[in-house]
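Hello,

Here is the structure I promised to pass on. Please take a look, then read my notes below.

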Amino acid sequence: MPVAEDLIGLAARVVLHQVVAPSRTGIKRRIIGATVCGVLAAMAGLGALGWASAALWLWLATVIGPARAALVVAVVLLAGTFIFGFAARRIARAPRAPALASVLNSKELAGMFEHHVPQLVIAAAIGGLLLGMRRRK
């Protein structure tokens with residue numbers, strides 16, 4: 001499987017780059033590391049699912065015959081697919097918490113910016129100074 005070897009090699013290079021790159025900030029390193037680990041975990045999970053279905057097929061082939069065993073394994077995999085699909089659909093359609101845009105309308109936001117310009121300028125200056133100090137370290 002050259003594709004899997006290429007993916008594992010790419011993941012290893014990314015992890016090595018993250019370890020030896022001191023210029024990366026902590027949050028970037030954590031996000032990239034979590035992504036690489038998540039992809040590797042998904043690949044391992046798919047491989048385990050393949051081996052488990054093959055083992056089930058081999059065991060069922062001795063009990064009910066090879067053709068029926070293939071059908072049973074296919075039904076089990078389809079049932080898992082439908083369960084995960086419906087769960088994903090339910091999660092995607094879950095009600096979301098109200099965002100700031102739904103709490104404040106555009107007139108209130110415009111008024112807030114017009115009446116609080118000095119405070120916004122001071123906050124932006126302090127934020128810029130703090131960000132500059134953090135990058136300097």
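**What I found**

This is a predicted model. Keep that in mind for everything that follows.

Overall picture first. The chain has six helices and zero strands. From the N terminus on, the order is α-α-α-α-α-α. The chain has 137 residues, and 7% of them count as buried. It exposes about 11,700 Å². Carbon and sulfur atoms supply 74% of that area.

Now the nonpolar surface patch. Which helices supply at least two residues each? They are α2 and α3. Helix α2 gives the largest share, with three residues. Ile64 has a relative accessible area of 34%.

Next, Ser53. This residue is also in helix α2, which spans residues 26-64. Is Ser53 buried or exposed? Its relative accessible area is 16%. The cut-off for buried is under 20%, so Ser53 counts as buried. A polar atom of the Ser53 side chain lies 2.9 Å from the backbone oxygen of Gly50. Leaving aside residues up to four places away in sequence, Ser53 touches Val73 and Leu77.

Last, the aromatic rings. How many aromatic pairs are there? The count comes to one. The pair is Phe82 and Phe86, with ring centres 6.5 Å apart and planes at 25°. Planes under 30 degrees apart count as stacked, so this pair is stacked. Both residues lie in helix α3, residues 66-92. They are four residues apart, about one turn of the helix.

For Phe86 the value is 54%.

To recap the places to look at in the viewer:

- Ser53, with its side chain 2.9 Å from the backbone oxygen of Gly50.
- The stacked rings of Phe82 and Phe86.

Over to you.

Best regards

Technical notes
Residues are numbered from 1 along each chain as its sequence is written. This is a predicted model: local features need pLDDT of at least 70, side-chain atom pairs count only at pLDDT 80 or more; totals for chains, interfaces and linings use all residues. Side-chain values use heavy atoms; hydrogens and water are left out. Rings of Phe, Tyr and Trp (its six-membered ring) pair if their centres lie within 6.5 Å; planes under 30 degrees apart count as stacked, over 60 as edge-to-face and the rest as tilted. Buried means under 20% relative accessible area, exposed over 50%, partly exposed in between (1.4 Å probe, protein chains only). A polar contact is a pair of N or O atoms within 3.5 Å; within protein, one must be able to donate a hydrogen and the other to accept it, and residues adjacent in sequence count only if both atoms are side-chain atoms. Contact means heavy atoms within 4.5 Å. Accessible areas come from the Shrake-Rupley method with a 1.4 Å probe; for residues, only the protein chains shown count as cover.
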